Amino acid sequence: MAECNRATGQHKGRSSEELLDKGKIIQSLNITEGQTILDAGCGSGYMAREFARLVKDSGRVYALDSNELAIKNLMSTLDTDIIEAFVSDVSTTTKLGASTIDLIYLSNVVHIFSDAQMQGFVTEVKRLLKPKGMLAIVEIKKEETPFGPPQHMRLSPDELTERIPLSPKETVNINDYFYLQLFEK
């Protein structure tokens, strides 16, 4: 799992890629050719690659992570100009322009945010999203699972919608362990 230290924001190098149903996530996001997508906390970039395949040459995918090594590894394996990878933290102001993003995607990241980071994240999401832009958050269910952070760190869909002042759209059950919460600006 992409476990992180809430105090430092650094993950422990484990990935949830093999546990997620990427097909179900992609289907739920309704990605179209030409969109601009931000994969925040991209890790290895496995979803950024999926997004690039769907937005095609007329689209753009920004892949950011606070882990410099993860970004360096991703950049060394990119075979497309559609993805731009860079080191950044979505809970602070990024280099991206205001109202330029159609979809912001985070997977197993939000539960590690401190209150201050959550506030910064919400501010940055509102700044980045175009009108009617979507925020998609994948999180581990707040119940007993064979992996993941302690339950007190996890957020239920209701807790997530309380913390994010965007319009909640849909909660999608990804599998036994994960859900996807969609919001609209």
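Reply: Contact means heavy atoms within 4.5 Å. Helices (H or I, at least four residues) and strands (E, at least two) are DSSP runs, numbered from the N terminus. This is a predicted model, in which local features need pLDDT of at least 70, side-chain atom pairs count only at pLDDT 80 or more, and totals for chains, interfaces and linings use all residues. Residues are numbered from 1 along each chain as its sequence is written, and side-chain values use heavy atoms, with hydrogens and water left out.

Me: Which residues of α2 meet α1?
Reply: On the α1 side, K22, I25, I26 and L29 make the contact. Their partners in α2 are Y46, M47, E50, F51 and L54.

Me: By class, how many residues in the contact of α1 with α2 are nonpolar, polar and charged?
Reply: Ala, Val, Leu, Ile, Met, Phe, Trp, Tyr, Cys and Pro count as nonpolar; Asp, Glu, Lys and Arg count as charged; the others, Gly among them, are polar. On that basis the contact of α1 with α2 has no polar residues, two charged and seven nonpolar.

Me: At what angle do α1 and α2 pack?
Reply: Axes are lines fitted to C-alpha atoms, for helices over the stretch in contact, and angles run from 0 to 180 degrees between N-to-C directions. Helix α1 covers residues 22-29 and helix α2 residues 46-55. Their axes are 12 Å apart, and the angle is about 50°.

Me: Is the crossing of α1 and α2 left-handed or right-handed?
Reply: A crossing is left-handed if the near helix is turned anticlockwise from the far one by less than a right angle, and right-handed if clockwise. For α1 passing α2, the crossing is right-handed.

Me: Against which elements do the buried residues of α2 pack?
Reply: Buried means under 20% relative accessible area, exposed over 50%, partly exposed in between (1.4 Å probe, protein chains only). In α2 the buried residues are Y46, M47, A48, F51, A52 and V55. They pack against α1, β1 (36-40), β2 (60-65), β3 (83-87) and β4 (101-107).

Me: Which residues does F51 touch, not counting residues up to four places away in sequence?
Reply: F51 sits in helix α2 and counts as buried at 0% relative accessibility. Its C-alpha is 10.0 Å from that of L29, 22 residues away in sequence. F51 touches I26, L29, I31, I37, D39, V61 and Y105, with those sequence neighbours left out.

Me: Is L64 buried or exposed?
Reply: L64 lies in strand β2. Beyond four places in sequence, its contacts include L38, I71, F86 and T94. L64 has a relative accessible area of 1%, so L64 is buried.

Me: Which backbone nitrogen lies 2.9 Å from a polar atom of the side chain of N67?
Reply: N67 lies in the loop between β2 and α3 (68-77). At 16% relative accessibility, N67 counts as buried. The backbone nitrogen at 2.9 Å from its side chain belongs to L69.

Me: What is the phi of N108?
Reply: N108 lies in the loop between β4 and α4. N108 counts as buried, at 1% relative accessibility. N108 is not a glycine, yet its phi is positive, about 55°.

Me: What is the phi of K132?
Reply: K132 lies in strand β5. K132 is exposed, with a relative accessible area of 59%. Although K132 is not a glycine, its phi is positive, about 70°.

Me: Which side chain does a polar contact of 2.7 Å join to that of R127?
Reply: A polar contact is a pair of N or O atoms within 3.5 Å; within protein, one must be able to donate a hydrogen and the other to accept it, and residues adjacent in sequence count only if both atoms are side-chain atoms. R127 is found in helix α4 (residues 115-128). R127 is partly exposed, with a relative accessible area of 25%. The side chain joined to R127 at 2.7 Å is that of E124.
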